[in-house]
Amino acid sequence: MFESMDPMTLILMVCAGFFAGWVDAVVGGGGLVQLPALMLVPGLTPYQALAVNKLGSVFGTAASATTYYRRTSNDLKTSLPTAVVAFFASMGGAIVATHIPTTLFKPIIVCALVGVLLFTVFKPNLGELQQLKHTGARHILTALGIGVVIGFYDGLLGPGTGSFLMIALISLLGYNFLLATAQTKIINLATNLGALIFFALAGYQVWSLGLLLGSANLCGGYLGARTAIARGNKFIRVMMMGVVSALIFTMAWDLWGRALFF
């Protein structure tokens with residue numbers, strides 16, 4: 001694969017991987033940076049791009065998840081079982097992704113992202129304080145439900161997974177932005193692994209490119225997690241609104257903008 005890539009494309013991959021890892025660690029949405037960059041690689045098919053994106057993201061989410069675990073009071077009793085169900089749901093989503101035209105889902109995703117953005121904008125105190133809404137079995141069952149739904153979505157498509165996870169953990173369970181982000185990284189690591197294993201077994205993985213992207217993603221993920229922990233809830237909230245807005249614009253342009261202007 002490297003033989004067909006010029007030096008500028010290699011540099012672009014490293015820069016995209018680093019920045020994607022940073023963004024993903026802070027708020028999620030690193031695929032917004034990474035996937036379009038992968039589409040520029042000569043000879044890479046869409047399924048190979050998805051596979052390489054997952055391999056790169058595994059490194060970044062592993063680095064950020066470890067950093068959050070060491071520096072925050074992460075609730076592993078919730079995040080670990082949620083990560084397990086999300087892992088299998090993600091594998092299921094990846095299997096479905098190879099059999100259906102994923103473009104059918106894009107309008108629904110845009111509407112859902114607009115809902116997330118409006119919900120965050122009109123609830124300025126959302127996620128500032130931790131006020132858990134449930135205890136015991138109800139808390140765990142709600143978390144597991146989140147893991148199944150968003151894990152399946154991540155394997156199926158992926159854009160906005162971190163944002164959807166974060167807003168679900170905040171609004172349905174009552175975590176603040178920082179601890180929701182910390183849990184999101186563990187769950188997102190599992191969903192990335194689930195999809196990655198399927199794509200690798202199906203023969204779509206390009207290991208050399210994925211490992212290059214992963215190395216850059218790891219560095220970005222570590223730095224992004226350190227930045228989010230240092231800056232706190234308000235910084236994460238602002239970043240999330242920015243990333244969700246960018247996702248909405250990108251997907252809306254892909255759906256309707258090109259048809260209007262070209």
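The structure holds seven aromatic pairs, where rings of Phe, Tyr and Trp (its six-membered ring) count as a pair if their centres lie within 6.5 Å. Before we look at them, a word on the ground rules: this is a predicted model, in which local features need pLDDT of at least 70 and side-chain atom pairs count only at pLDDT 80 or more, while totals for chains, interfaces and linings use all residues. Residues are numbered from 1 along each chain as its sequence is written, and side-chain values use heavy atoms, with hydrogens and water left out.

A pair of aromatic rings is described by the distance of the centres and the angle of the planes. One of the pairs joins F87 and F88, with 5.0 Å from centre to centre and 85° between the planes. That pair is edge-to-face, the term for planes over 60 degrees apart, whereas planes under 30 degrees apart are stacked and the rest tilted. F88 has 55% relative accessibility, so it counts as exposed; the cut-offs are under 20% relative accessible area for buried, over 50% for exposed and partly exposed in between, with a 1.4 Å probe and protein chains only. Elsewhere, ring pairs link Y47, F198, F199 and Y204 into a cluster.

F87 also takes part in the contact between α4 and α8, so let us turn to the helices. Helices are DSSP runs (H or I) of at least four residues, numbered from the N terminus. Two packed helices are described by the angle between their axes and the distance between the axes. Here the axes are lines fitted to C-alpha atoms over the stretch in contact, and the angles run from 0 to 180 degrees between N-to-C directions.

Helix α4 (residues 76-97) packs against helix α8 (residues 177-201) at an angle of about 30°, with the axes 7 Å apart. That angle makes α4 roughly parallel to α8; angles under 35 degrees count as roughly parallel, over 145 as roughly antiparallel, 65 to 115 as roughly perpendicular and the rest as oblique. Among the residues that meet are L80, F87 and M91 in α4 and I187, F198 and F199 in α8; contact means heavy atoms within 4.5 Å. The residues of this contact divide into 16 nonpolar, seven polar and no charged. In this scheme Ala, Val, Leu, Ile, Met, Phe, Trp, Tyr, Cys and Pro are nonpolar, Asp, Glu, Lys and Arg are charged, and the others, Gly among them, are polar.

The axes of α1 (residues 7-26) and α2 (residues 31-38) come within 8 Å and cross at roughly 160°, which makes α1 roughly antiparallel to α2. M13, A16, G17, F19 and A20 of α1 make the contact with V33, Q34, A37 and L38 of α2. These residues divide into seven nonpolar, two polar and no charged.

Leaving out residues up to four places away in sequence, A216 touches V14, G17 and F18. With 8% relative accessibility, A216 counts as buried. A216 and G21 are 195 residues apart in sequence but 7.5 Å apart in space, C-alpha to C-alpha.

Two further buried residues complete the tour. S163, in helix α7 (residues 161-173), counts as buried at 0% relative accessibility. Beyond its neighbours within four places in sequence, S163 contacts V27, M240 and V244. G174 sits in the loop between α7 and α8 and is buried, with a relative accessible area of 5%.

Key
Helices (H or I, at least four residues) and strands (E, at least two) are DSSP runs, numbered from the N terminus.
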